[in-house]
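Hi everyone, thanks for coming. Have a look at the sequence and the model on the screen, and then I'll walk you through a few spots.

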Amino acid sequence: MFGHNEVVGQKFFREAPEALADKLLVTSVFHTIQGEGPYAGLPAVFVRLAKCQYACSFCDTYFDSGDWMDFGALLGRASAAGLDSGHAQADLMVVTGGEPTLQQPTLGKFLAVFLRDPRHPSPFTRAQIESNGLIPADVPDGTMVVVSPKCAEVGGRPRPYARLPAASLARADCLKFVLRADPASPYSAVPDWALEWRASTGREVYVSPMAEYRRTPEQARALYEARSA
């Protein structure tokens with residue numbers, strides 16, 4: 001893990017005064033190329049939200065802490081991210097984490113503003129969230145919901161995949177799994193229930209390799225040190 005990955009639930013955000021004021025806890029905002037799922041290969045601005053219900057031992061993302069941002073400030077920062085990078089402005093915003101659904105209903109309100117409210121113009125025409133699926137996504141129609149299930153761990157060892165709540169699977173536009181080469185790991189194969197879901201819904205299941213690092217990448221280390229200072 002690139003951070004401590006403190007495990008929290010929705011209670012953390014229900015009790016936060018900032019969340020009650022329609023602010024999101026944001027770890028980072030950056031321009032990149034979407035590398036996975038239905039929008040793979042497209043320029044995107046990622047909005048990484050803080051906190052998660054899991055502390056996966058292989059997690060390659062820092063999201064321990066962040067800044068509370070209101071909708072206007074966040075849209076402004078996201079809009080500027082592509083221009084600051086020197087690239088053409090992306091029209092895709094990807095909200096990831098951590099786990100974005102922990103910050104419901106504020107997340108849904110934010111996406112409604114950016115998708116539908118003409119008083120808040122932005123360069124983004126598409127929105128995607130990436131969720132582990134433990135909490136059904138309550139987001140506006142038109143938001144691409146990519147559900148990437150994870151395995152609960154005990155002592156750093158993953159247990160087999162548990163089937164997701166029916167409401168999460170109903171809202172998912174696609175599923176995405178990380179795969180590991182170790183045949184003894186539950187991450188070595190897509191679970192049967194996901195393949196059954198694909199057959200019954202006609203929706204796609206994507207896979208990507210699990211990243212394994214010998215050392216923390218410089219960008220992640222710098223963010224961790226800045227946030228921990």
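This is a predicted model: local features need pLDDT of at least 70, side-chain atom pairs count only at pLDDT 80 or more; totals for chains, interfaces and linings use all residues.

Residues are numbered from 1 along each chain as its sequence is written, and side-chain values use heavy atoms, with hydrogens and water left out.

So, the overview. The protein has 7 helices and 10 strands; helices (H or I, at least four residues) and strands (E, at least two) are DSSP runs, numbered from the N terminus. Of the 229 residues, 47% are buried. Buried here means under 20% relative accessible area, exposed means over 50%, and partly exposed is in between, using a 1.4 Å probe and protein chains only. If you take contacts between residues at least 6 apart in sequence, 72% of them join residues at least 24 apart, where contact means heavy atoms within 4.5 Å.

Now please find helix 6, residues 192–201. Which of its residues are buried? They are W193, A194 and W197. These residues sit on the same side of helix 6 because they cover an arc of only 100 degrees around the axis, the arc being that of the directions from the helix axis to the C-beta atoms. As a reminder, an α-helix has 3.6 residues a turn, so residues three or four places apart point the same way. The other side of helix 6 has D192 and A199, which are exposed. What do the buried residues pack against? Their partners are helix 5 (166–171), strand 9 (174–179) and strand 10 (204–209). Just after helix 6 comes G202, with a positive phi of about 75 degrees.

On to the aromatic rings. Rings of Phe, Tyr and Trp (its six-membered ring) pair if their centres lie within 6.5 Å; planes under 30 degrees apart count as stacked, over 60 as edge-to-face and the rest as tilted. That rule gives 8 aromatic pairs. One of them is F58 with Y187, edge-to-face, at 5.1 Å centre to centre and with 75 degrees between the planes. This pair links distant parts of the chain, 129 residues apart: F58 is in the loop between strand 2 (43–49) and strand 3 (67–70), and Y187 is in the loop between strand 9 and helix 6. Both F58 and Y187 are buried. Ring pairs also tie F58, Y161, F177, Y187 and W193 into a cluster.

You'll find M210 in the loop between strand 10 and helix 7 (218–228), and with 12% relative accessibility it counts as buried. Not counting residues up to four places away in sequence, M210 touches F58, V178, L179, R180 and Y187.

On a 1 Å grid over the protein atoms alone, a cavity is a set of points where a 1.4 Å probe fits but cannot get out, a pocket is an open set with protein on both sides within 12 Å along at least five of seven lines, and lining residues have an atom within 4 Å of a point. Grid points are joined across faces, edges and corners, and a volume is the space filled by probe spheres set on the points. The largest cavity holds about 30 Å³ of space, and its lining includes S131, P136 and R171. Strand 6 (143–147) and helix 5 each give two or more residues to that lining.

The second largest pocket has a volume of about 170 Å³. It is lined by 14 residues, and F13, A19, Q104, P105 and T106 lie nearest its centre. Helix 1 gives the most to this lining, with 3 residues.

Last, the backbone. Most residues other than glycine have a negative phi, and most peptide bonds are trans. The peptide bond from Q104 to P105 is cis, with omega near 10 degrees, and the one from G97 to G98 is cis as well, with omega near 15 degrees. Both P105 and G98 lie in the loop between strand 4 (92–96) and helix 4. As for phi, K51 is not a glycine but has a positive value of about 80 degrees, and K51 is buried, with a relative accessible area of 9%.
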